[in-house]
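Q: I have a structure open and would like to go through it piece by piece. Can we start with what counts as touching?

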Amino acid sequence: MNAAWLPLATLATSILAAVVIFLLPEESRRLRTGINLAAAVSKIILVALMVGRVSQGYQDTFSFQIVGGIDFVLRADALGVMFAGLSSLLWLCTTIYAIGYLEGAANRKRFFGFFSLCVASTLGIALAGNLFTFLIFYEMLTLSTYPLVVHAGTAKALAAGRVYLRYTLTGGVVLLLGTVMLYSLTGDHSFASERGLAPYLNDHRGLLTLIFVLLVGGLAVKAAMVPLHGWLPRAMVAPAPVSALLHAVAVVKAGAFGIMRIIYDLYGIELSVELGVTTALAIAASITIIYGSLRAIAQHELKPRLAFSTISQVSYVVLGVSLFGPFGTIGALVHLLHQGLMKVTLFFCAGNYAEELGIHRIDEMDGAGKRMPLTSIAFTVGALGMIGLPPVAGFITKWYLGIGAIQADMYWVVVVLVASSTLNALYFLPIVHRLWFRQGPAHGFGEWPKEQRLGRLETHGWLLWPAVFTAMVSIGAGLLAGLPFSPLDWATRVAIGEYLP
Amino acid sequence: MTWRFGLTEATFEPLWLTHWVLAATLALPILFGLLGALFSPRRTLPVALVCVPILLTGVLLLMEYQQAGLLRWQWQVAGVTVSLRLGGVSILMLLVTQWVGAAAALYTPGHLRLTNPGKQARWLWPLMGVLISALSLIWLAADLLTLYAALELMGLAAVGMLLLSGKPAALQAGMRYLLLALVGSLAYLLGVALILGYWGQLNLQALAEVVEPGPVAWIAAALIGAGLALKAALFPLHGWLTPVHESAWTPVSALHAALVVKASLFILLMLWNILLPSSLFAPRFVAWLGMLAIVWGGLVAWRSDSLKTLVASSTVAQLGYLMVAFPLIIGPDIPPLPKALAWEGFWLQLIGHALAKAAMFMAAGNLILATGESSLKGLAGTSRRLPLSLLIFGLASVTLMGLPPSSGFTAKWLLLQAMVMTQQWVAVVALLMGTLLTAAYVFRVFRYSFDETAPRHHYQPLAPSMDLVALALALAAFALGLLAHLPLALLQGGGV
Amino acid sequence: MMTLLLLAALLWPLCAAGNVVWQAYQTPSARRNYFPLVWLTASWPALLLAYGGEAHWSIAAWMLGGEWGLNAISRPWLAFTALLWSVAAVHGRGYFVAEQAKAQAGDQNAERRLLRLALFWPLTFVGNVLLIIAQDIASFYLGFALMTFAAYALVVHSGSQQARLGARAYLILAVIGEGLILGGLLWAAGTAETFMLEGVREGIAAADHGAMMALLLWLGFGVKAGVIGLHVWLPLAHPVAPAPASAVLSGAMIKAGLLGWLYVLPLGAEELSPGLTLLGNVMLIAGIAAAFGAALLGVWQRHPKAVLAYSSISQMGMLTAMVATGLAAPAVWPLLLPGVILFAAHHALAKGALFMGTTISDHMPRWPKPLLFALIALPGVSLTGALAAGMISKWGVKHALYEMDHTYLIMLLTWAAIGTAALVSVCVWRQWQQRQQGGSNAFQWGAWLVALIAALITPLWLPLPEGSIVPPPLTEWLGIVWPFPVGVLLFVSVAYWLRKVGGKAPPAGDLWWLYSPLAAHGVKLAQAIGTRCKAVKGACVSVALAVEQHSMGQLTRLLSSEAWMRHHGSGLMMAFAVVVALLLIWEGMR
Amino acid sequence: MIASFNLIEGGLALCLCVAALACLFDRHLLRASCLFVVFALFMTLAWWWLEAPWLAVAELILGALLTGASLFYALRAYRPNGAASSHRANATPHYDSFRGSWPHGLTRALLALAWCFMMWGAIRFVMPEMVYSPAEHPLVMAAVVIAATAMGAFALHHHLLRRLLAFNILGSGVFLLLAGMAGTEEGAQALISVGLAIAWLGSLLGALLIRHLFLLEGKNALSLDSQTKEQPQ
């Protein structure tokens, strides 16, 4: 039984939401909010349905032919549903947050319209059943995020948007080339295909490697791997919910997820190891991890520091992918989710500080824990998770990655992990320290840069609760990782499917 | 290869109804154009009503084609044989012509109402009618004489339309266009003279059977190629294109960029296909020029400050994509699969570009009309005030950039696949460069439009039909990306 | 029942922490009691749990699969840890009376400090309990990390310059330690594919690189346990922390490092690889060096708590040496283990009592001074092994070593006790010098007395397996007792001599003053490299910008040929035709 | 008989060539226009000679009369007492004083030569007999020369009217070539008729435009400077 409508409906939810939002006038705030939330909730329900179907062993597929030999395929497989689940969950949180964040701002219609499109693209990426479909949504994502990045319309934002496009479009073009070459070599190749590309190994070894480099090179731009990361810190001028979404689910994750698809579902992990590309990828990821952390230490503003942290963290996923063995895979998969949760928390909090107190620089954060305790707790949870301390979800990831590295006989990766954890501690602990242990305006020393009283609580409820929720989920994902349908459990399920077909 | 152009024997004779439909297809646009000159409609509704029968003829022909396959007509008029045929390409391009033409016509009343151009505006209608008829004839014509006549008719109508705005710049550009177009047709005629003198055949199908490679074929091909390349604004001969669009009316620009230059290109492709069945270098030469065109057009568009120049220069680059496909379609020793892919890619790119460019011109026209400024800087803040026009511009530019899921993407995909299969890496690079350059100039527009720092106060409100028509075109170009097999299926059915 | 107790042991401290937050928002600061009954009793369920007998729990949903248990090691450990925490909490209530009064009077700073301490105290305790009962890696690591990082708040409590320095030293070393532990655990667990501590133990014994893993883990836990070289935070943090915090730091928390060793090192395993044996010897030397070195440095300290910190290092050095025998001479280990536990427990309580004692001399109750100072010195005397529990614990270790004929070790340990005696003497002497009257409080000295008594009678209450405690035979007494008088005599003579000669004492934290300039240099170097990189990058960017500008100019010039093409359209067309014709002819003629 | 025929044909060809060349390279516009009418009349004769009376009539009406009229109509704009004379008071109205650079002229000449050779090369194959006796078809030869020269002149000149003239002569040359090679069968006649009509329409439109341009802008050539404003900054 094939419920083809399910992936299609899931995708259509957010596209429809985008269309309706574009059609609504700018002023109808309530209706737009309602549609946003309804679409987000219904998408979560649909994804939950898909999760149920997948766990029963179905793979719902929707496909039609575009031209001869090229199909448009949406398929709900375990890996895709995992990413879809993350994006739909965080979409809800981010939508709520964005509604609060943009209260009274201009151009909300455009913002929410493209926001929905952005999520639709992410979902399409998650559910894409072959490389062609993936490419479609991958590029759609680039386009739909551009208006979000330049939303503020300032010169800085516009410049950032230009840089963003330069990087991502070039990456997209390289990806396109790789895809076309692959199609020319092998024809339409579904992600669900069992046989991988191994039959082509003997005759086309060099070509396969070249295609791999092109594909992963194109994806690495979005995954912000060094030296293709330049757009990410600049894109920080976007509004906080956008940064949160870009960093947690949409853009960087799309790149990382794409690399996963390439290695697991297209080439097959054995073939990738055989080609020797995984080692190169692991080295690149390690360089990114260390470089990102080092650069993060040098930042004096909160959002750029988080941005470099993202650069570092997303490469954990890539690192995990490049480790041969189930543990590395589980680590990569689970980090995809965990990093999303934690990073989104951190960005929500950063946005809260900026909105409520006008804090942008780290040295302005002294004693903010007293003024905004819940936000600060959420931030602390996210920061500790990034360091990889238990019980936050980051620990689980780091653990699996480390074990995966050991099993793949790449001991140096453990060194990288430990070094990265230490570096993470070096740049996150000072912030936490400032929040809780320094005395600042809340204790009567000095003043906040630009304080607003946005709500009855420490800040506007729409801003506060998403951050608290994601922080709680981050802890929950770590503390109760053994529960069924937890990120770890689902990642294990996917990995088992990968290694024991 | 000639079967792809429908130059083969037909299985069925056309029914009597089909004759009438054909006649209506060719005559109705002129007729309605004259009516338009008489009544000069100020509203969209009558125009829409008039468009319906024309579109209906196209649909009827399509149905006929799908039932009977290739259709041929041949008449003797005073000793001269006129032959037409309705093949896959013909019907496809006919439909595109009619629909884009209808869109331009629907756009026109709103545009005229807002711009108030004066008396000469009424001449737009008959010229448009003639243009559509001539174009339809070009797609259908199967002999060199008809082609020549239709080509000339189209050229003159196009010049006339472009001149209508009456500005000095328009006159000057129009003059250049006129002279070059006339000379171009004479070069074409010179080639035809050689063909006629050597083989004594004007009928394309008969010609295809007797043609053999030799100096006459080569020189004729060179002359025809040069003339048509000038008319089609292929790369080094494209100079007249931008100024023409700079000052023309929006619907005229839309029609011109979407269809007129394509018609010359179509003839060029078809005749070279017949004359040079096994030549390698000439198509390669065109392909190299095409690569240059992609880069050059992109650069010019990128550095231009005026919105219309940008859009017009982008046509040069987009034609480059079509030129690059030449060696794949014409050249010898191309395996069937890449050939078929390139063929499909060529037409999809052509159609996609026609739709998207028309939409883009309309969107650009709307923006210019609303802001009252034609420079890019004048767009500051439009993202807030004119989101719909900008969205249309964006949708159209997605197609031009060749980003998914637009028809431009699918076309580019097909072309790329064909090129990769035949190892034409330079062309691949040029195509990809084209994407980036297109993105560069398109997003320059957006960068200005997203600028919130420059507040503006007065915007001219637009007629809803203007945006809706453009939106429909842009969406069509967009949707063809995923529904590409619908038009491409027509191509494959062409009288195999 | 045990499960309920377990839940209570973990949740009750959390309730206490929650209560603190709740009070902070509910009760006005003037009436706020930072140390209510809930807070004081936070550690009691855990204490009860330790006496509930052995037990085992598995919780599949917990992180990577929770395995918790109370066994021969963790039960006594939990017992003495919880006891020390309970006593220290009560002591703290007395200790902080003055500060609380200040807070209630409206001192914002005091209020903030107390709130922080009251909040983090139970959290630290939860971490401590969790790491003791955990049998799986994740829970253990969680407990360890929670304890480590929450304790930062305890160290930094006073907020003074020194406190911040001490806290920073603590935190930096803790982070390094966490990194080392993580690396070691990952390596070992990855090789053995296990989530359990036991698996790690077996894995290290079996793995090829077992010695390296063990080294990482040894050093990682060694940060907490004050292994020589990594001990520098102890003398910096202890003097500045409030006395009850020092007590738990020194008594319970540094023991967590020891426990870590016991859990993960393959102590007493058969057929250890040569690498592990070598590591055991290194540990042994390091331990002995710490035992002596700390004593030598400690006697110079002015602050009694610093002296005690060095004493802790010294004591932990001895324990390190004992643990090392588990690797160097695995056969001894089964006999030695109960002795080690007893030693640790005794040291915990005794050190706790000594630290609390430092506050007693600061706020002397109106007791006869000789009695008071005798009591203050008593746990120290016990530590040297001269009486009561100290003697028994010493013997517990010694007789195990005797059985296996490790006479050198015994000798060294005995000599180290001289150092202990000297340190205790210095401490008491310093306290005598710095004694102050008044401000005494029943909670304060009551808790102190309880700790003192508990220290003296450790073997009686410690839930060790039957028969593992052997009272020393009378013949051996002298051999155990003699270091104490010798140490005191040594101290007296040296002190007398020193008073004549004079001289400068080495600063507390010894090696820290070597590390920090080095680190500062390193940071400076890194910054210099960073600046250099930035400069290079800036140069690259400016060059790129210049190139871009130049090429843009070129481009503009190039694009002007567009006008040329426009103007020469017809000529170009002619050329086009000629070129195509020539191409075709050339091709055709070939 | 044949020789006399050839003589007449040769003379006609010579006259055509001379008229065409004179028309193309005469800088005096009025005279050039007159020369064009003369050329058109010769063309009429040529059509008559080639036994295509209909074409002769068409040429007479469309080519000589109507096109000539259009040209003179355009020329009237340059009349000294015209409304626009103030724009270019210093310029001789009926005289094209524009001097191109010599490389410009040289390249055009070379290109025209190349076209000449190209057409000649093709004709060698279309009419193999001409290889042996080139003088057999003097009209065809004249047509080649005229067409190539006119093409070169079209590319060479700047003055719009002269370009229009060049285009017309080019057209005639092409038609002549067509007729010479393909004979005057119906297809060729149809092509030529269409071409004549179009040429006249084009000339008319061109003449109108020339007038307008001159009256509006005072321009009689397509200038380069109008493009500079499209260049960035």
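A: Two residues are in contact if their C-beta atoms, placed from the backbone, lie within 7 Å. Keep in mind that this is a predicted model.

Q: OK. How many residues of chain A are in contact with chain B?
A: On the chain A side there are 27 residues, and they are in contact with 30 residues of chain B.

Q: Which elements of chain A give two or more residues to that side?
A: They are strand E1 (61-67), helix H5 (131-149) and helix H6 (155-186) of chain A. H6(A) gives the largest share, twelve residues.

Q: And by class, what is on the side of chain A that touches chain B?
A: That side has 17 nonpolar, seven polar and three charged residues.

Q: Back to E1(A). In which sense does it pair with strand E2 of chain A, parallel or antiparallel?
A: Antiparallel, over six bridges; E2(A) covers residues 70-75. Within this pair, A:Phe64 stands opposite A:Phe72 of E2(A).

Q: What about the turn in that hairpin, which residue has a positive phi?
A: A:Gly69 does, with a phi near 85 degrees. The hairpin of E1(A) and E2(A) has two residues between the strands.

Q: Next, chain D. How many of its residues are in contact with chain B?
A: 38 residues of chain D are in contact with 42 residues of chain B. The elements of chain D that give two or more residues to this side are helix H4 (102-126), helix H6 (138-156), helix H7 (160-182) and helix H8 (186-217).

Q: Which one has the largest share?
A: H8(D), with 17 residues. By class, the side of chain D that touches chain B divides into 26 nonpolar, eight polar and four charged residues.

Q: Now chain B itself. What is its secondary structure?
A: Chain B has 20 helices and two strands.

Q: Where do its domains run?
A: The domain assignment gives domain 1 of chain B as 1-277 and domain 2 of chain B as 278-496. Their centres, taken over C-alpha atoms, are 21 Å apart. The contact between them takes 50 residues from domain 1 of chain B and 48 residues from domain 2 of chain B.

Q: Which helices supply the domain 1 side?
A: In chain B, helix H3 (88-115), helix H9 (241-247) and helix H10 (250-275) each supply at least two residues of the side of domain 1 that touches domain 2. The largest share is that of H3(B), with 15 residues. By class, this side of domain 1 of chain B has 31 nonpolar, 15 polar and four charged residues.

Q: Why would anyone say the radius of gyration of chain B agrees with a compact globule?
A: Because a compact globule with 496 residues would have a radius of gyration near 23 Å, and chain B has 21 Å, which agrees. Along its principal axes, the C-alpha trace of chain B spans about 65 × 55 × 40 Å. Of its 496 residues, 72% count as buried.

Q: And what is the radius of gyration of chain C?
A: Chain C has 32 Å, but a compact globule of 590 residues would have a value near 25 Å. The C-alpha trace of chain C spans about 120 × 65 × 65 Å along its principal axes. Buried residues make up 57% of chain C, and its secondary structure comes to 25 helices and two strands.

Q: Back to chain A. Where are the cis peptide bonds?
A: One joins A:Val226 and A:Pro227, with omega about 5 degrees. A:Pro227 is in the loop between helix H7 (205-222) and helix H8 (231-234) of chain A. Another joins A:Pro390 and A:Pro391, also with omega about 5 degrees. A:Pro391 is in the loop between helix H16 (373-387) and helix H17 (393-407) of chain A.

Q: I also see A:Ala224 in the loop between H7 and H8 of chain A. What is its phi?
A: A:Ala224 has a positive phi of about 55 degrees although it is not a glycine.

Q: Is A:Ala224 buried or exposed?
A: Buried, because it has 30 other C-beta atoms within 10 Å and the cut-off for buried is 20 or more.

Q: What about A:Phe485?
A: A:Phe485 has a positive phi of about 65 degrees and is not a glycine. It lies in the loop between helix H19 (461-479) and helix H20 (487-499) of chain A. With 13 other C-beta atoms within 10 Å, A:Phe485 is partly exposed.

Terms used: Residues numbered from 1 in each chain as written. Chains lettered and ligands numbered in written order. Predicted model: local features only at pLDDT ≥ 70, side-chain atom pairs only at ≥ 80, totals over all residues. Domains from an automatic or database assignment. Helix = DSSP H or I, 4+ residues; strand = E, 2+ residues; numbered from the N terminus. Nonpolar A, V, L, I, M, F, W, Y, C, P; charged D, E, K, R; others polar. Pairing = 2+ DSSP bridges. Rg over C-alpha atoms; globule rule 2.2 N^0.38 Å. Buried ≥ 20, exposed ≤ 12 C-beta atoms within 10 Å, placed from the backbone.
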